[in-house]
Amino acid sequence: MDEVDGRLVGGLVVLAALADARSFGRAAERLGMTQSGVSKAIAKLEARLDARLVHRTSRAVEFTEEGRALYERVAAHLAGIGEAAAETAKSRDAVRGRLRVNVDPLFSRMVLSPKLSEFLLQNPGMELRIETRDRIADLVSDGFDLAVRFGEPTPSALIARRVLDTRVLTVASPIYLERHGRPLDPRELASRDHQCIHAIDAATGRPFDWEFRRGGEVVPVAVNGRLTVTDSGTKLGACLAGFGIAQVIDLGLDDHLRSGALIELFPDWPDERFPLYVYYASRNHVPAKVRRFIDFITETLAAKSHSPHKSAGLRKVG
């Protein structure tokens, strides 16, 4: 496409307003300019085109033959520009189109998957692509509209909004406790009498540190364990099977805790948290489809947080 001369287009916009208003004063009001500003814009356009476009009289504005011909040729194009801009502005508020979301695998399995049908039925103009990834990578260049991730954000140009603080529970199965005994204090997990299941932090490539928090008290523990995993499902499965003690996010555990398949070991250390963030490219001009999906996430989490054993904090995204 040939380069567009912004000054020429600006002059033509003033010419079109003058043709409609038939007065420098009314054209100035319509454009939010001064009357002298309109007059100068027309004079510059005439100088640029080396043609007289307007006859100036004390009572009215009369177009020359060249001015009338120019206006008639550009009026449809200027109207098209206005319509295109209006359609773009409307599309920002239209909940439609394709949305590609980079999602933490645990969050996708435990929270999103049971609700995706409901979301798509409520938004028939949207096409949704959910991709589970271990990390965000480059959200924009990878073509994602949105990402959902656990853990504190690292510095980047992305907008990060916290939508949930979920508890980290230390759990074991009854089978494990029968074999090894139940620890009464978190510090006992450093003993070789216990097996703890390590989980790799995808952001660092190293196992997560184990910490226990109660009010202002923080107790780090160098736990003992022979099993290291990268997948939360594998960690939970090994824990349920009785191999070891695990630290797990308090999402999707209700049935296991109610049935007794998992036992929370240290309920008197309740303040270890793991945040959930949504990430997107810009705080300005957030598309409606992105805003709708963020609202869907927060509403889904709000419904889950009503479980009586939970005390997770939820933040509504505006």
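## Aromatic pairs

A search of the whole structure turns up 8 aromatic pairs; here, rings of Phe, Tyr and Trp (its six-membered ring) pair if their centres lie within 6.5 Å, with planes under 30 degrees apart counted as stacked, over 60 as edge-to-face and the rest as tilted. Take F150 and F274: their ring centres are 6.0 Å apart and the planes sit at 15°, so this pair is stacked. F150 belongs to strand 5 and F274 to strand 14, so the contact ties together parts that are 124 residues apart in sequence. Strands (E, at least two residues) and helices (H or I, at least four) are DSSP runs numbered from the N terminus. F150 has 12% relative accessibility and counts as buried, where buried means under 20% relative accessible area, exposed over 50% and partly exposed in between (1.4 Å probe, protein chains only).

F212 and F266 make an edge-to-face pair, 5.6 Å centre to centre with 85° between the planes. This one also links distant parts of the chain, with F212 in strand 9 and F266 in the loop between strand 13 (263-264) and strand 14, 54 residues apart. F212 is buried at 3% relative accessibility, and F266 is buried at 3% too.

## About the model

This is a predicted model, where local features need pLDDT of at least 70 and side-chain atom pairs count only at pLDDT 80 or more, while totals for chains, interfaces and linings use all residues. Residues are numbered from 1 along each chain as its sequence is written, and side-chain values use heavy atoms, with hydrogens and water left out.

## A cluster and two charges over rings

F107, F150, F208 and F274 form one aromatic cluster. Arginines turn up over rings as well: the charged end of R68 sits over the ring of F63, 5.2 Å from its centre, and that of R100 over the ring of F144, 4.1 Å from its centre. The test asks for NZ of Lys or CZ of Arg within 6 Å of the ring centre and within 35 degrees of the ring normal.

## The largest pocket

The largest pocket holds about 1400 Å³ of space. A pocket is an open set of points on a 1 Å grid over the protein atoms alone, fitted with a 1.4 Å probe, with protein on both sides within 12 Å along at least five of seven lines; lining residues have an atom within 4 Å of a point. The volume is the space filled by probe spheres set on the points, which are joined across faces, edges and corners.

Its lining has 48 residues, with F150, D201, A202, F208 and F274 nearest the centre. Elements that each supply at least two of the lining residues include helix 5 (105-112), strand 5 (146-150) and strand 14 (273-280).

## Strand 7 and its sheet

Strand 7 is mostly covered, with 4 of its 5 residues buried. Strand 7 runs parallel to strand 11 (residues 227-229) over 3 bridges, and two strands pair if DSSP finds at least two bridges between them. A199 has V229 as its bridge partner in strand 11.

Strand 8 (residues 206-207) is antiparallel to strand 7, joined by 2 bridges, and D201 stands opposite R206 there. The open sheet has 3 strands in the order 8-7-11, with mixed pairing; strand 8 and strand 11 are the edge strands, each pairing on one side only.
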